[in-house]
Amino acid sequence: MVFLRTSEKAGSCFIRTDQLDGETDWKLKVAVSCTQRLPALGDLFSINAYVYAQKPQMDIHSFEGTFTREDSDPPIHESLSIENTLWASTVVASGTVIGVVIYTGKETRSVMNTSNPKNKVGLLDLELNRLTKALFLALVALSVVMVTLQGFVGPWYRNLFRFLLLFSYIIPISLRVNLDMGKAVYGWMMMKDENIPGTVVRTSTIPEELGRLVYLLTDKTGTLTQNEMIFKRLHLGTVSYGADTMDEIQSHVRDSYSQMQSQAGGNNAGSTPPRKAQSSAPKVRKSVSSRIHEAVKAIVLCHNVTPVYESRAGVAGETEFAEADQDFSDENRTYQASSPDEVALVQWTESVGLTLVSRDLTSMQLKTPSGQVLSFCILQLFPFTSESKRMGIIVRDESTAEITFYMKGADVAMSPIVQYNDWLEEECGNMAREGLRTLVVAKKALTEEQYQDFESRYTQAKLSMHDRALKVAAVVESLEREMELLCLTGVEDQLQADVRPTLEMLRNAGIKIWMLTGDKLETATCIAKSSHLVSRTQDIHIFRQVTSRGEAHLELNAFRRKHDCALVISGDSLEVCLKYYEHEFVELACQCPAVVCCRCSPTQKAHIVTLLQQHTGRRTCAIGDGGNDVSMIQAADCGIGIEGKEGKQASLAADFSIRQFRHIGRLLMVHGRNSYKRSAALGQFVMHRGLIISTMQAVFSSVFYFASVPLYQGFLMVGYATIYTMFPVFSLVLDQDVKPEMAMLYPELYKDLTKGRSLSFKTFLIWVLISIYQGGILMYGALVLFESEFVHVVAISFTALILTELLMVALTVRTWHWLMVVAEFLSLGCYVSSLAFLNEYFGIGRVSFGAFLDVAFITTVAFLWKVSAITVVSCLPLYVLKYLRRKLSPPSYCKLAS
């Protein structure tokens, strides 16, 4: 809505946007001055005015409109920009506001930037689906072959369907059930892991995806960093102050103000600071002291920070003066600004003794160490923009009437403006390498005439209708010449715990990390270096701002010539590149070890994710912590949310929610790896189980003149897939190939998983061959050994089959767990006990042979040795092969496990 009026005297208010764009700082919004000036609130209803606004659009950083009041003479026109608007789903942090709503519902920027979530399906599920389709084709083919061998005698189509039903065990119907139960178990294990407390699994379908990731897209603010700024370094050219020497600055500041006061007491004017007060001290010392004082004063004046006091309510009734006195207590003062860097600077000046106590649109008050209050009148403020990369302020000291122009900004913007010096560039480089965000502070004293001349030109430029921005910039630049360089400040945005080792581990695991942030280019580059997202030796290629197809083409060519360097690109340039050269750009970017995209809108983040999925076909994972990361998290194959300072929006929308960034290492290396490996083993084993019994049925039918008679009766078939073999097969979800500590220590193991070798057509065919071999041996063995008591074929072959299955589970397991052993013996026990009361099922086609199983036969030695012989023949060769394979070409994890 357009912001018309506020209860704050200054005519401006702050809004908190942490739910919208993830930034924890407050944004300053300005009321339309013509309505703010109205004497009373009720007058809003008596004026005749209209607002012209542009049509709803997605860009969250711009707004154009005009406010026209028609009933005044002449009509008042005011231009509206983004700072005259208040946004949906934000909180007003100071005072009350009244505005006129222009966009609602689907037209708001935040809704236009959100996307509908899609249903996520894991890669493993898709692969298993492909195999199941192959199995279905095999089933049809087998049935047709059987009917053909019968010679299409009689009602062959009826026989075809009988065969289809007999062999239907080829289709693993229990596969889905087993896998879904497995996924639930993996989720439970992740939530119960003590090493990553507070992890929540919000989806039950894609835990295996965590084991197949190639691209990790991460947010910066609040995900890699804590979003807390700390002042670390002040550099004056000859001398540098770090965290341990701040007390020296404090004493210098105290000295210079006490000098001022002593002199002011002496000659009442107090206009010039004393030059001879400390004649005994060496000159160097004094110059350092005065320079420190100047630097600190510049830092405390040049900013757009507003001190806010909590206890305003209690003192509203008293006089203005009393209110002012009461306000300046230190306990309940908090600072608000549009960027946390600025707050850090002002908090630091407070710690060294010079405190900002109040500020409105026209004046600022400082408190000196001795408690004296200095007032400054703000004449002009030039806000920070991403083009100019600097901000300026012109203030008049009320006690001395001196006019000073202070500026601070990025080193690239400031170095041409300040007087020649030999240390700025080098020191900026040093600080950036430490991961500090640098700001250069400079000043220029103006005479009254100079200022008046400037003001008239500036006002004229602001009223021009054409190229207003350019003209205003030109006037301001006329002042920005030969400024006196005061100091260089370094502020650190603290990284979250263990971000560096985690990123290192992910990089070793073959995961490519992209950082997508809404932050400025300098900051993003800085964090990329300090978090070791870009390693020390790598070059960084900063992609220039491009606006047209030609420029994009040239830049891409320039980038193509570089090898092994990280890419830093801004959101606008990215848009242009994707518009014209989508394929080329993505191809180049995917070869980079690391990519940083800055100034990204939420929609762009999601767009980058979908691009990666389409072009590379690899699995992507997005991790973020604010409402601005939700679209990206929902677009990725696997979304991870961090519960941060910015609320729970991201963690609620994500598939997995963690507390800290470092937990992602364990989540992927241990849990993701295990989930994928176990599901692959489980899926193939369930298929093997169905194939082996179908092979036996096929052998049985072909021996008996292709009769479509079932080998095993109903309950045996049901029991086979459930009670007899389910526990051991399902216990494969507890299997692990290496200990979690090893998996964390050697992230390279993870790299193998992305190739998808645990479950592929190759491994599937090996399992099919094993099934055919075992099924054939079991059936033929039963027929060969039991010529005399032919009736007992069913009992023999079924017993051998169950034993084989249990042994095969034992063969597949890599690390034993006590529950697995329990499951094996439990199943065997179930089977043996069921032999007693299921005896009528063990006859073949009860009616045709009329045979029943006598318990006496089962207990004979002949039965036992024959069953054992068949089982050994079916399993021993596989054990031998497995042993040889482990010896001759061991997989990578064996080498570590030994």
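On a 1 Å grid laid over the protein atoms alone, a cavity is a set of points where a 1.4 Å probe fits but cannot get out, while a pocket is an open set with protein on both sides within 12 Å along at least five of seven lines, and lining residues are those with an atom within 4 Å of a point. Grid points are joined across faces, edges and corners, and a volume is the space filled by probe spheres set on the points. The model is predicted, so that local features need pLDDT of at least 70 and side-chain atom pairs count only at pLDDT 80 or more, whereas totals for chains, interfaces and linings use all residues. Residues are numbered from 1 along each chain as its sequence is written, and side-chain values use heavy atoms, with hydrogens and water left out.

A search of the whole structure finds 2 cavities of 30 Å³ or more, and the largest cavity has a volume of about 60 Å³. Its lining consists of Trp-514, Leu-574, Leu-578, Phe-585, Val-586, Ala-589, Ile-608, Leu-611 and Leu-612. The lining divides into 9 nonpolar, no polar and no charged residues, where Ala, Val, Leu, Ile, Met, Phe, Trp, Tyr, Cys and Pro count as nonpolar, Asp, Glu, Lys and Arg as charged, and the others, Gly among them, as polar.

Contact means heavy atoms within 4.5 Å, and the axes are lines fitted to C-alpha atoms, for helices over the stretch in contact, with angles from 0 to 180 degrees between N-to-C directions. The sheet is open and has 9 strands with mixed pairing, in the order E9-E28-E27-E26-E10-E22-E25-E24-E23; its edge strands, E9 (200–201) and E23, each pair on one side only. Two strands pair if DSSP finds at least two bridges between them. Strand E10 (residues 213–218) and strand E22 (residues 512–516) run parallel and are joined by 4 bridges, with Lys-512 in E22 as the bridge partner of Tyr-215. Helix H16 lies across E22, E23, strand E24 (565–570) and strand E25 (594–598), running at about 150° to E25.

Two loop residues other than glycine have a positive phi. His-532, in the loop between helix H16 (521–530) and strand E23 (539–542), has a phi near 60°, and its relative accessibility of 24% makes it partly exposed, given that buried means under 20% relative accessible area, exposed over 50%, and partly exposed in between (1.4 Å probe, protein chains only). Asp-498, in the loop between strand E21 (484–495) and helix H15 (499–508), has a phi near 55° and, at 40% relative accessibility, is also partly exposed.

Ser-12, by contrast, is buried, with a relative accessible area of 9%, and has its place in strand E2 (residues 12–16).

The second largest pocket has a volume of about 1,400 Å³. Its lining has 33 residues, of which Thr-763, Arg-814, Arg-885, Pro-891 and Tyr-893 lie nearest the centre.
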